[in-house]
Amino acid sequence: MEGDAQTRQPSGHHTDAYATKLVEKTGSWQQKVAKFSPGKQSKSQPAGGFDDTPIPRASPGYTLKFTFHRATSLPMADINSFSSDPYVYAQLNTALNSRHKQDPYMRLRTPTIRKSTDPVWDTEWIVANVPASGFKLKARIYDEDPADHDDRLGNVHVNVDSIGESWSGIKEQSFKIKKRMGSKRAYLIRGCAAMFSKDLHMSGNLVISVELLSRTEVGDNGGRVWTVGPCAWSQHFSPLIGFFAGTKEPGENKKGTTERY
């Protein structure tokens, strides 16, 4: 009888197999968590949270105002309108050392001017603590195309070897746009249009100003460059955010006031 009972006793249950798989999954999760836990960060990425890496020491620099005034004779990236939607994407490089190689560059994007080959931006960019060793400004001009990739229309490089209290700056100086990295299609359209009009030119220019405002007051360490302004902002009307905030836009007969739900 005991032998028969032992024979009829089940050898296992389905829950045992599920429990074994759960233990294996838990072990693999723990290994992944331990891999990315504090103290074992991947060497390719900096640690998250507060960064106590000190800023490299350098002498205090100067506060400069860069102004991107306008461009002339840009190529035509849109064959339908024989025009472009240009904007400037600028990058400022200095000799200051960065804390990490992953630190972002100093960059600025101007607004987009619609359907123009002679755009006027007059966009200002105030940067603090530019070192006395000078800077290298790289300005790339693009044609904005939301349906496709943005076409590059050309580059402008501005190199200044040194800055001092007596530096006179750059006042609305015209820089020739380099076509080497520009869109071949855009310049082909420009060339075809120039064949039928004597007023069109193949070589464009970008007008830039750089003004020395003052010496940056940062104490005894000027090892970091930062943007002072202007700060970009946009106005967005969202009924969903207004619903949560309990406000809505004014009615037709109540201009300038905010109504409550």
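This is a predicted model: local features need pLDDT of at least 70, side-chain atom pairs count only at pLDDT 80 or more; totals for chains, interfaces and linings use all residues.
How many nonpolar, polar and charged residues does the lining of the largest pocket have?

Residues are numbered from 1 along each chain as its sequence is written, and side-chain values use heavy atoms, with hydrogens and water left out.

Begin by selecting the open sheet of five strands, whose order is β7-β8-β1-β4-β9 with antiparallel pairing; strands here are DSSP runs of E with at least two residues, numbered from the N terminus, and two of them pair if DSSP finds at least two bridges between them. Its edge strands, each pairing on one side only, are β7 (170-176) and β9 (226-229). Neighbouring strands of this sheet are turned by 30 degrees against each other on average, direction ignored, the axes being lines fitted to C-alpha atoms. Within the sheet, colour β1 (residues 62-72) and β4 (residues 120-130), which run antiparallel and are joined by seven bridges; Tyr62 has Val130 in β4 as its bridge partner.

Next, select the open sheet of four strands, ordered β3-β2-β5-β6 and again paired antiparallel. Here β3 (106-109) and β6 (151-160) are the edge strands, each with pairing on one side only, and neighbouring strands are turned by 15 degrees against each other on average, direction ignored. Between β2 and β3 there are four bridges in the antiparallel sense, and Tyr89 stands opposite Arg109 in β3.

A cavity is a set of points on a 1 Å grid over the protein atoms alone where a 1.4 Å probe fits but cannot get out, whereas a pocket is an open set with protein on both sides within 12 Å along at least five of seven lines, and lining residues have an atom within 4 Å of a point.

Finally, select Asn97, Ser98, Asp103, Pro104 and Met106, which lie nearest the centre of the largest pocket among its 18 lining residues. This pocket holds about 540 Å³ of space, and its lining has eight nonpolar, six polar and four charged residues.

Methods. Grid points are joined across faces, edges and corners, and a volume is the space filled by probe spheres set on the points. Ala, Val, Leu, Ile, Met, Phe, Trp, Tyr, Cys and Pro count as nonpolar, Asp, Glu, Lys and Arg as charged, and the others, Gly among them, as polar. Axes are lines fitted to C-alpha atoms, for helices over the stretch in contact, and angles run from 0 to 180 degrees between N-to-C directions.
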